[in-house]
Number of protein chains: 2
Amino acid sequence: MSGQSARSVTTRQYPCDKCPLRPLPTFRAFEKQELLFVSTFKKGELAVDRGATVLVEGSHSAHLYTILSGWAFRYKLLPDGRRQILNYSMPGDLIGLQGSLMGEMQHSVEALSPMLLCVFEREQLHELYRNHPGLAYDITWMASREERMLDENLLSIGRRTALERTAYLVAFISSRARGAGLNGKTSVQIPITQQHIADTLGLSLVHTNKTIRKLIDRKLIAWRDGGCEVIDHDGLKDLARWEGLGEERRPLI
Amino acid sequence: MSGQSARSVTTRQYPCDKCPLRPLPTFRAFEKQELLFVSTFKKGELAVDRGATVLVEGSHSAHLYTILSGWAFRYKLLPDGRRQILNYSMPGDLIGLQGSLMGEMQHSVEALSPMLLCVFEREQLHELYRNHPGLAYDITWMASREERMLDENLLSIGRRTALERTAYLVAFISSRARGAGLNGKTSVQIPITQQHIADTLGLSLVHTNKTIRKLIDRKLIAWRDGGCEVIDHDGLKDLARWEGLGEERRPLI
DNA sequence: CGGCCGCTTGAAGCCGATCAAACCTCGTGG
DNA sequence: CCACGAGGTTTGATCGGCTTCAAGCGGCCG
């Protein structure tokens, strides 16, 4: 059973002023004052294993998180077990904001790889809004960004063919991964199984496999070491008729 | 051509202290100070016709809106014209927040009925965040609410059958309509065509029609006067395996 | 070595798409 | 007053993309 909620609070390895993410060109710089507040906002770090459930639908978590490293996905289930993956999360993304604002979580979050999370307390969100309007604005911005990604995913599932959808999804994830600073010298290894892709795109596993094979045959992607690798990013975007992500600088909390 | 951007600024009929929506039990009350600010935040009212395009993908609008009355829908298009409806909007909902926060609109908004909108200026959002943390929190809350609806819609399109999807959509819209105070003595008339439903659910028009017929035959809904009416709300929810909306009180700006 | 997980492949069948046509209502103009 | 056309709904027939069922393969780990 891989779904167990294995987790352990580690000692703090990354004080906010030595945040490994903030120096990246994708992220906006902090005001000194904001950095100070976030340092007190951060309550610790949480390490979770691959396959661990970080947050579970129906719960009322006292925490929200920023991903320091690793990948995760958000999903919902129907009563009979059908699963829909809603989106993926990677370094710099907030996890659990919906639950913090509105009370109960209405989706679950599972780690796709070992992860390191910054832990924040929901309770202090009000203080953040009261004293740090810039950060408050950033949080709304990030919520809007998530909304935008969901809009695009809806368009994809609703109106693109299986081949287009798959091309879109791989291009989308790899764009985001690059935006999160995950590009090694070569292209990114996306740590997902074909079942994840199927559950994201609303397809069956069998048909997903056959569709991925077409992308491989066209030399658009490769499937290696239990993960996906992009070979021809522009080819994927063309096939999916996708414009790509705006590459604006974004906030990090 | 019904897509023209017909619009006209009317004189202000509803000062914020006489807002027809706020007294409704669905909405949270304002602090006196918040009411004052929103009164200055509101720049006027905009009346649009049915079929008018309120906001268009790719534009940089200087405004955002709250719906005073009427219905609208958000949608995206693929280059070849395929349309995906993302969500519906009704009284009390914000329109154009994404665009205000992030610059460019990445979806369009079209009126489903004549509408009356409160007009706000994007520029003043920063002032709102600086001086009214409570309202800032409310805005984030509303963005999260939209995100939640999108999550549910994704689950629906990705993993529910055509019949379940249709049942879900109708139940969902009518729940929201009731939450927006649109329930007359009888049930709500939802002012949409079957083409809208098809474009929301990722189905063809023909199949949507046949699916709707099944719901009618089962006496779950009725189709009258070019609109949809719910007859058996619980029946729809059961069929869709849908839990329903949390009926929490929500903010209004 | 055996079992599990993830990937692959073939065959059969169905859900929903597409094609085609007709009908109804309503507004417009001759 | 009726002819006409447009938009929306309806229905039947055929097609095909995707699902489902079934089975086998390969690698990794206890």
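Begin by selecting strand 11 (residues 221-224) and strand 12 (residues 227-230) of chain A, which pair in the antiparallel sense over 4 bridges. Two strands count as paired if DSSP finds at least two bridges between them; strands (E, at least two residues) and helices (H or I, at least four residues) are DSSP runs, numbered from the N terminus. Strands of a sheet pair through backbone hydrogen bonds, either parallel or antiparallel. Within this pair, A:Ile221 has A:Val230 of strand 12 as its bridge partner. The two strands of chain A form a hairpin with 2 residues between them, and A:Asp225 in the turn has a positive phi of about 50°.

The model is predicted: local features need pLDDT of at least 70, side-chain atom pairs count only at pLDDT 80 or more, and totals for chains, interfaces and linings use all residues. Residues are numbered from 1 along each chain as its sequence is written, chains are lettered from A and ligands numbered from 1 in the order in which they are written, and side-chain values use heavy atoms, with hydrogens and water left out.

**Chain A as a whole**

Chain A averages 93, and 94% of its residues score at least 70. Residues 1-6 of chain A stay under 50, and the model has 11 contacts for them beyond four places in sequence; contact means heavy atoms within 4.5 Å. Where pLDDT is low, the predicted coordinates should not be read in detail.

Now select domain 1 (7-146) and domain 2 (151-240) of chain A; such bounds come from an automatic or database domain assignment. Their C-alpha centres lie 25 Å apart. Across the boundary, 16 residues of domain 1 are in contact with 22 residues of domain 2.

**The sheet in chain B**

Move to chain B and find an open sheet of 3 strands in the order 10-12-11, with antiparallel pairing. Strand 10 (189-190) and strand 11 (221-224) stand at the edges with a single partner strand each, so one side of each is left without a neighbour in the sheet. Strand 11 and strand 12 (residues 227-230) of chain B are joined by 4 bridges, and B:Trp223 has B:Cys228 of strand 12 as its bridge partner.

**DNA strand C**

Select the 13 residues around DNA strand C, of which A:Gln194, A:Asn209, A:Arg213, B:Ser204 and B:His207 come nearest. A residue is near a strand if one of its heavy atoms lies within 4 Å of it. Sugar and phosphate account for 66% of the atoms of DNA strand C within 4 Å of the protein. A polar side-chain atom of A:Asn209 is 2.8 Å from a phosphate oxygen of this DNA strand, while a polar backbone atom of B:Ala162 lies 3.2 Å from a phosphate oxygen. Helix 7 of chain A supplies the largest share of the surface near DNA strand C, 4 residues.

**DNA strand D**

Which residues come nearest to DNA strand D? Of the 15 around it, they are A:Ser204, A:His207, B:Gln194, B:Asn209 and B:Arg213. Select A:Ser204 to see a polar side-chain atom 2.8 Å from a phosphate oxygen of DNA strand D. For B:Asn209, the corresponding distance from a polar side-chain atom to a phosphate oxygen is 2.9 Å. Finally, select helix 7 (205-217) in chain A and in chain B: each supplies at least two residues of the surface near DNA strand D. The largest share, 5 residues, comes from helix 7 of chain B.

Notes. A polar contact is a pair of N or O atoms within 3.5 Å; within protein, one must be able to donate a hydrogen and the other to accept it, and residues adjacent in sequence count only if both atoms are side-chain atoms. pLDDT is the predictor's confidence in each residue, from 0 to 100.
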